[in-house]
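Student: I have a structure open and would like to go through it with you. Can we start with the pockets?

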Amino acid sequence: MSNSRATAIGLALCIGLVGAGARDACSSLIDTDLDRALQDVVSAPDGPPGAIAIVQRGNRIRVFSAGLGDVANRRRMRPTDRMRIASVAKAFSGAVALSLVDRGVLSLDDTIGELLPGLGNGWEDVTLRQLLNHTSGVPSFTSSSEFAARVDAFPHDPVPPRALVEYVADEELLFTPGSRYAYSNTDNILVGLMAEAATGRSYQHLLAARVLSPIELRRTTLPFGYRMPRPYIHGYDFNPALPFDVSEIVAAGYSWASGGIVSTPLELNRFIRAYAGGELFGGEARAQQLELVAGGSSEPPGPGRNSAGLAIFRYETDCGTVYGHTGNIFGYTQFTAATLDGRSSVVVSVNEQV
């Protein structure tokens with residue numbers, strides 16, 4: 001992560017987490033610093049076209065932005081425009097699964113063999129818990145050369161979710177489940193498939209019923225195709241002389257429950273406050289969500305010292321400790337986090353994969 005991007009994330013965290021008395025004394029200076037930091041991000045030689053930060057403490061929401069969300073039309077970054085949230089979608093699949101655990105429909109000890117029989121090469125004993133905290137040992141389908149060739153040949157024509165798993169289903173586990181940490185994009189595809197198997201409902205239905213509707217995320221969707229719902233923040237493979245718009249270069253179905261969700265900066269902020277703050281489920285599911293694997297890092301790594309929970313990461317920073325997720329995909333990079341009481345939160349988004 002470049003120094004300018006790290007500074008912008010750090011300042012956004014400090015605004016969200018600093019105590020009220022301290023903020024009264026220096027809030028205008030911090031605001032000015034964050035404005036300047038975002039401008040530094042977009043004006044750097046390798047910087048993206050635009051950057052936006054949402055910072056909320058209590059009921060007060062502040063929006064900071066620099067640069068452009070649409071280069072062709074010279075439109076600024078807007079907090080209500082859609083964007084691909086990349087691997088932050090894994091937190092949504094975690095929210096679906098843990099809400100089902102809370103209701104007794106799923107158990108964290110349920111295995112691939114029980115819910116998805118015949119899938120994988122010796123994967124039968126991998127549990128839902130191990131998928132959610134990336135200690136499963138299941139290989140990542142995105143590392144498959146056959147998968148890469150399929151995306152390259154048919155970028156707008158995705159395969160069904162189970163077919164994503166099939167790209168690595170003949171491979172053995174990378175290690176004994178539960179023995180170590182390794183981030184895998186296959187894990188959350190399997191989480192979505194297990195939720196479907198346990199309920200007889202589609203993952204899209206479960207996502208809407210268990211997450212989107214309860215916290216009123218009306219502009220958050222899980223598309224299957226490549227088209228972005230309008231209006232949206234355009235994502236770029238950016239060269240200042242010749243920006244290449246990659247917003248619709250690949251269908252969302254190629255990452256499904258692992259990275260296919262489209263949301264807005266404001267709605268992503270609302271989600272992380274609910275998810276990290278325990279609004280979507282409670283009891284033992286909430287306690288298990290926060291059991292951590294030391295050294296488990298999100299991809300890309302988040303600020304400070306990273307530890308992995310169940311589809312959530314703890315980020316211990318100089319400004320305080322927050323819980324959230326990161327993600328990047330063609331044209332977009334995301335960071336979102338909140339405190340465990342759900343009162344302080346931050347979203348930082350740029351429209352380039354970095």
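Student: What volume does the largest pocket have?
Tutor: About 470 Å³. Keep in mind that this is a predicted model.

Student: Which residues lie nearest its centre, and how many line the largest pocket?
Tutor: The lining has 29 residues, and Thr-142, Ser-255, Asn-328, Ile-329 and Phe-330 lie nearest the centre.

Student: Which elements each supply at least two residues of that lining?
Tutor: α6 (145-153), α10 (256-259) and β11 (320-329) do.

Student: And how do the lining residues divide by class?
Tutor: Into 15 nonpolar, 10 polar and 4 charged.

Student: Change of topic: helices. At what angle do α8 and α9 cross?
Tutor: Roughly 85 degrees, with the axes of α8 (residues 185-199) and α9 (residues 203-212) coming within 9 Å. Angles of 65 to 115 degrees count as roughly perpendicular, so α8 is roughly perpendicular to α9.

Student: Which residues make the contact?
Tutor: On α8 they are Gly-192, Ala-195, Glu-196 and Thr-199, and on α9 they are Tyr-203, Gln-204 and Leu-206. By class, that contact has 3 nonpolar, 3 polar and 1 charged residues.

Student: Next, Thr-264. Buried or exposed?
Tutor: Buried, because its relative accessibility is 1% and the cut-off is under 20%. Thr-264 sits in the loop between β7 (262-263) and α11 (265-276).

Student: What is Thr-264 in contact with, leaving aside neighbours within four places in sequence?
Tutor: Pro-79, Thr-80, Asp-81, Arg-82, Met-83 and Arg-219.

Student: And Asn-269, where does that lie?
Tutor: In helix α11. Asn-269 is buried as well, at 2% relative accessible area. Leaving aside neighbours within four places in sequence, its contacts are Ile-54, Gln-56, Ser-345, Val-346 and Val-347.

Student: Now the backbone. Which residues does a cis peptide bond join?
Tutor: One joins Arg-230 and Pro-231, with omega about -10 degrees. Another joins Glu-299 and Pro-300, with omega about 0 degrees. Pro-231 is in the loop between α9 and β5 (236-237), and Pro-300 is in the loop between β8 (293-294) and β9 (305-308).

Student: Why point those out?
Tutor: Because most peptide bonds are trans.

Student: Which residues other than glycine have a positive phi?
Tutor: Among them are His-134, with phi near 60 degrees, and Ala-311, with phi near 55 degrees. His-134 is in the loop between α5 (128-132) and α6, and Ala-311 is in the loop between β9 and β10 (313-317).

Student: Is His-134 buried or exposed, and what about Ala-311?
Tutor: His-134 is buried at 3% relative accessibility, and Ala-311 is buried at 6%.

Notes
Residues numbered from 1 in each chain as written. Predicted model: local features only at pLDDT ≥ 70, side-chain atom pairs only at ≥ 80, totals over all residues. Heavy atoms only, no water. Axes fitted to C-alpha atoms, helices over the stretch in contact; angles between N-to-C directions. Helix = DSSP H or I, 4+ residues; strand = E, 2+ residues; numbered from the N terminus. Parallel < 35°, antiparallel > 145°, perpendicular 65-115°, else oblique. Contact = heavy atoms within 4.5 Å. Nonpolar A, V, L, I, M, F, W, Y, C, P; charged D, E, K, R; others polar. 1 Å grid on protein atoms, 1.4 Å probe; cavity = no way out; pocket = protein on both sides within 12 Å on 5 of 7 lines; lining within 4 Å. Points joined across faces, edges and corners; volume = space filled by probe spheres on them. Buried < 20%, exposed > 50% of the residue type's maximum accessible area, 1.4 Å probe, protein only.
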